[in-house]
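Dear colleague,

I am handing over the structure we spoke about, placed directly below, and my notes on it follow. Please read them with the coordinates open beside you.

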2 protein chains.
Amino acid sequence: MGKEIPTRSEDYSSWYNELVKKADLAEHSDVRGCMVIKPYGYSIWEKMQQALDKMFKDTGHVNAYFPLFVPKSMFEAEEKNAEGFAKECAIVTHYRLKSDPKNPGKLIVDPDAKLEEELVVRPTSEAIIWSTYKKWIQSYRDLPILVNQWANVVRWEMRTRLFLRTAEFLWQEGHTAHATSKEAVDETVQMLNVYAEFAERFMAMPVIKGRKSEGERFPGAVDTYCIEAMMQDGKALQAGTSHFLGQNFANAFDVKFATKEGKLDHVWGTSWGVSTRLMGALIMAHSDDDGLVLPPKLAPIHVVIVPIFRNEEELSKLTVEVDKMAKSLRDAGYTVKFDNRDTQKPGFKFAEWELKGVPVRLAIGPRDLENGTVEVARRDTKTKEVMKLSDVATAIPKLLDDIQENIYKKALSFRESMITRVDTYDAFKQVLDEKTGFVLAHWDGTPETEAAIKEETKATIRCIPLDAPEEAGKCIYSGKPSSRRVLFARAY
Amino acid sequence: MGKEIPTRSEDYSSWYNELVKKADLAEHSDVRGCMVIKPYGYSIWEKMQQALDKMFKDTGHVNAYFPLFVPKSMFEAEEKNAEGFAKECAIVTHYRLKSDPKNPGKLIVDPDAKLEEELVVRPTSEAIIWSTYKKWIQSYRDLPILVNQWANVVRWEMRTRLFLRTAEFLWQEGHTAHATSKEAVDETVQMLNVYAEFAERFMAMPVIKGRKSEGERFPGAVDTYCIEAMMQDGKALQAGTSHFLGQNFANAFDVKFATKEGKLDHVWGTSWGVSTRLMGALIMAHSDDDGLVLPPKLAPIHVVIVPIFRNEEELSKLTVEVDKMAKSLRDAGYTVKFDNRDTQKPGFKFAEWELKGVPVRLAIGPRDLENGTVEVARRDTKTKEVMKLSDVATAIPKLLDDIQENIYKKALSFRESMITRVDTYDAFKQVLDEKTGFVLAHWDGTPETEAAIKEETKATIRCIPLDAPEEAGKCIYSGKPSSRRVLFARAY
Ligand SMILES: [Zn+2]
Ligand SMILES: [Zn+2]
């Protein structure tokens, strides 16, 4: 069909890049580092947004919107946060263009329109939001504040990859304010669990919940929780983070509240976010050499129906039956595409919808019509069966559920096979180079050891798993004592 | 309740500003010209988005996302468009901050991180989108492209007002590409009709559909259609625009397609948008001196229930009955708030929910419980009635429909009363100064006359109404012949 993509084993990286483009998910724009999210890709993102937004609202959050720009003096108020993002900030310095006197029809930046204070295009919104919360919070009665924002952010990147690392990306960022440390920690963990549930239930992607080491923490956070997923090439991908901010931003922006007891205290904060990076995770977790494999819960099209016909008359007879099938499925809430183009052969259509990851394909021809049957192909296993037309309305919803579950189970069993426990640095390096995947190993807890291992192996501590059992051991690098294993991997 | 706002007759402008703030819709941020959309305001915007998004999809459109930044050379490609927005563009010139050697803990723009080419923060996305369409379009088979984008845009403004004019605002922008002029014009008109239907059916705000004069046209468009609404102070507000772009952007970005006949032709385009400005229109169209009046179809809360109680025991008895009522309404799809706070008196609550524009308030006390009744107050007319508890489930949905209709009818009859036909310039000026509102008058069709009238009276041609009948007359300003009346007003 002229849309061939490299296989994963040939070149995983090209497979990914080509798949994103050929399946019409996204493409590079003419703006350095910025992508265009194409309609088919965006419709998957919309499904993610809807599911997440509902989960946020079900846990008591509301949406709001804060400015794109952050004045430099505001941006630098929380020093660690500012330092962490300073090197990747797009800066607005002027507010007007004017005609270029030397080049008619061209424009130049008007030097008379220089801003007194430069504006940072938000790389994250803690600064602008906490400067606003200062106005909203006086007393314990104003707490908690449970706000989320859907927005674009900009982090200047030199090496970009579609969805995984782009200068501009779309995300949601929750920013909450609380009266007590405990409440803020509970919120941080709650949102981590929301992300994990979303990843597993909607994306069919198993994740490991954990806490970041100090070196991998969000700049300005006291503690960063994350969910980590395993991609098919054995690299890890951080799929979401939830930060306990302590009183850091309240201190930086002087946000205090009168407690029930009449004292003044600084407010406790959290922030948490997931981004269009999840699109990259979704693609890499499940797709195969023929294209996307989408879990039904996030698939923009659940069922595609391809008629097999030689002439108009056959097509119109098929259409009568297809319309009935499609209606029964649509009435049950599924999105059905009837691909009745007469410009393409069935084989071309099959390949195209496989590339686009539609979970179920129905094919029906004149012979099927006589027999009252339809051919059902599932995208995940690429198996086919013949089904009675009268069974479609009840069997397809069940099949879609099965596919959702199967995709998850497959990813889970792969992920389980990709967790290796090692006790020596040699074994550690060997696993990273040969088997790849997650490595559970003892670490002495120091930033120095973490940095040395990263330098030597490119592997980072993905997280200290929340369910890691206490286990006495020795650090694979320094030999110093350790009380539990942490999760290492090379990562996106 | 300490949230007093000025009356409309005292000071319409302060009434609006204070209402927006006191009703928790939005506030000014510490970033010049940028607003914070607060959760209650944002939840109304979300309702608008949902309704519009469905209407866009029902008319065959899909969503996508294009970059925030537009390189200067791309921005200036369509000269008229570039010229029209050049004076209000935020410009990114650098991509990094660094520590200020003179001020520890402070940051400065890194002079070594100057961009080779400056980036314009999109004031509108025709340039970036048409530069992308060039890659998407080769043949008539690639057409039409029917894409919409929900995004933030920036237009630098010196004098800002919450929702009505802010440097950053949220909007949707549709950008379509077609094989023929007729198809593009039809699309332009279709989307104008979508906007008009949305304004009238959801916002309960009557609008006049028309075309802009050349002087008021979107920069780069061949023709601009708009919907114009009348605010309570007699000023007009442009609530949405739909542009027929001709082949202007296809020419500028060299977007050609192979026709069915095998020729090469430039593509025809449209663009259309509405923004958070609609929030300002919604507020000013219906609200009164007690606060917001929200049409039920856009109200985040449809029904608030206020219990009247002296003690815990009374409250718990009331709660049993309220839960039943609330459930029956929620099951029917309505949002119900039970305001059972024991920190505020009923009178305070009444005023607060009036300020926030909740369409229906139910109050219930121990006496009501005995009688099996509830007091129903509607926000729009401020009338009250006593209703049987057993009628609530059927009567409230009907009442909400009545309120939606009544708000529209009231706005329509006001708008009709605010359209004045005049035949002389003296009468024209008198109406503008005394009665205000729309003025239907003859105009000679020249930009010079339009500019002179604007200069002398601050009134602009809002539109040439689509339904304006042919009528021979003389221009009120020049006395030259005119074939139809156009709609003038002072406007937001
Ligand atoms: Zn402080
Ligand atoms: Zn050309």
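On one side of helix α14 of chain A, in what is a predicted model, A:Glu448 and A:Glu455 are exposed. The buried residues of this helix, which runs over residues 447-457, are A:Thr449, A:Glu450, A:Ala452, A:Ile453 and A:Thr457. Just after α14(A) comes A:Lys458, for which the model gives a positive phi of about 65°.

Turning to the metal sites, the zinc ion listed as ligand 1 is coordinated by A:Asp254 through OD and by A:His266 through NE2, at 2.2 Å. A:Asp254 belongs to the loop between α7 (248-252) and β14 (256-258) of chain A, whereas A:His266 belongs to strand β15 (residues 264-266) of that chain, so the pair ties together parts that are 12 residues apart in sequence. With a relative accessible area of 34%, A:Asp254 is partly exposed; A:His266, at 21% relative accessibility, likewise counts as partly exposed, since buried would require a value under 20%.

In chain B, the zinc ion listed as ligand 2 is coordinated by B:Asp254 (OD) and B:His266 (NE2), at 2.1 Å. Here B:Asp254 is found in the loop between α7 (248-253) and β14 (256-258) of chain B and B:His266 in strand β15 (residues 264-266) of chain B, so that this pair, too, ties together parts 12 residues apart in sequence. B:Asp254 has a relative accessibility of 36% and therefore counts as partly exposed.

The last item is a helix pair in chain B. Helix α1 (residues 12-22) and helix α8 (residues 277-286) of chain B pack with their axes 11 Å apart and at an angle of about 120°, and α1(B) and α8(B) are therefore oblique to each other. The crossing in which α1(B) passes α8(B) is right-handed. To this contact α1(B) brings B:Tyr12, B:Trp15, B:Tyr16, B:Leu19 and B:Val20, while α8(B) brings B:Gly280, B:Ile283 and B:Met284.

Methods
Residues numbered from 1 in each chain as written. Chains lettered and ligands numbered in written order. Predicted model: local features only at pLDDT ≥ 70, side-chain atom pairs only at ≥ 80, totals over all residues. Heavy atoms only, no water. Donors = N, O, S within 2.8 Å, 3.2 Å for Na, K, Ca; no water. Helix = DSSP H or I, 4+ residues; strand = E, 2+ residues; numbered from the N terminus. Buried < 20%, exposed > 50% of the residue type's maximum accessible area, 1.4 Å probe, protein only. Axes fitted to C-alpha atoms, helices over the stretch in contact; angles between N-to-C directions. Parallel < 35°, antiparallel > 145°, perpendicular 65-115°, else oblique. Left-handed = near helix turned anticlockwise from the far one by under 90°. Contact = heavy atoms within 4.5 Å.
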